[in-house]
Amino acid sequence: MIQFEELMLSLQALKPEIDDLSDALGMKSMLSEIQQLELRATEPGFWDDVEKSQQVLQKTGALKGKVEAYNTLVSKYEDAQALIELANEEEDLSK
């Protein structure tokens, strides 16, 4: 149906903005930094300096929170696409 096609086109128009957000947030570097911080937490003596270890854990948590928020956005985008496709297949405007 035309209405679903319009919805899908509107949604697809947002994809470049979502990709730009990933770049603006520096997702690749964030993921790399999380990996490095988690590796540091496994090093011998990491827990000897409690203050420093807490800083590392806090930074890791903050970065993971940002990544999770972005991934939630992407997931909701993909869910919306799937719902539009299903509704279009059913030709049911109530979905």
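**Exercise 1.** Find the buried residues of helix α1 in this predicted model, then find what they pack against.

*Solution.*
Step 1. Apply the cut-off: buried means under 20% relative accessible area.
Step 2. List the residues: in α1, F4, M8, L11, I18 and S22 are buried.
Step 3. Look for their partners. The buried residues of α1 pack against α2 (27-41) and α3.

**Exercise 2.** Compare the span of α1 with the expected value, then look at what follows the helix.

*Solution.*
Step 1. α1 has 24 residues.
Step 2. From first C-alpha to last, α1 reaches 35 Å. That is close to the 34 Å expected at 1.5 Å a residue.
Step 3. G26 follows α1, and its phi is positive, near 70°.

**Exercise 3.** Work out how α1 (residues 2-25) is oriented relative to α3 (residues 50-90).

*Solution.*
Step 1. The two axes come within 10 Å and cross at roughly 165°.
Step 2. Angles over 145 degrees count as roughly antiparallel, so α1 is roughly antiparallel to α3.
Step 3. The crossing of α1 and α3 is left-handed.
Step 4. Check the contact. Residues of α1 including F4, L7 and L11 meet α3, where the partners include Y77, I84 and A87.
Step 5. Sort by class: the contact of α1 with α3 has 15 nonpolar, 4 polar and 3 charged residues.

**Exercise 4.** Describe how α2 packs with α3.

*Solution.*
Step 1. Their axes are 10 Å apart, at an angle of about 145°.
Step 2. The crossing of α2 and α3 is left-handed.
Step 3. In α2, M27, I34 and L37 are among the residues that meet α3. Among the α3 residues they meet are V56, L63 and Y70.
Step 4. Sort by class: 9 nonpolar, 1 polar and 7 charged residues make up the contact of α2 with α3.

Note on methods. Residues numbered from 1 in each chain as written. Predicted model: local features only at pLDDT ≥ 70, side-chain atom pairs only at ≥ 80, totals over all residues. Heavy atoms only, no water. Axes fitted to C-alpha atoms, helices over the stretch in contact; angles between N-to-C directions. Helix = DSSP H or I, 4+ residues; strand = E, 2+ residues; numbered from the N terminus. Parallel < 35°, antiparallel > 145°, perpendicular 65-115°, else oblique. Left-handed = near helix turned anticlockwise from the far one by under 90°. Contact = heavy atoms within 4.5 Å. Nonpolar A, V, L, I, M, F, W, Y, C, P; charged D, E, K, R; others polar. Expected span 1.5 Å × (residues − 1). Buried < 20%, exposed > 50% of the residue type's maximum accessible area, 1.4 Å probe, protein only.
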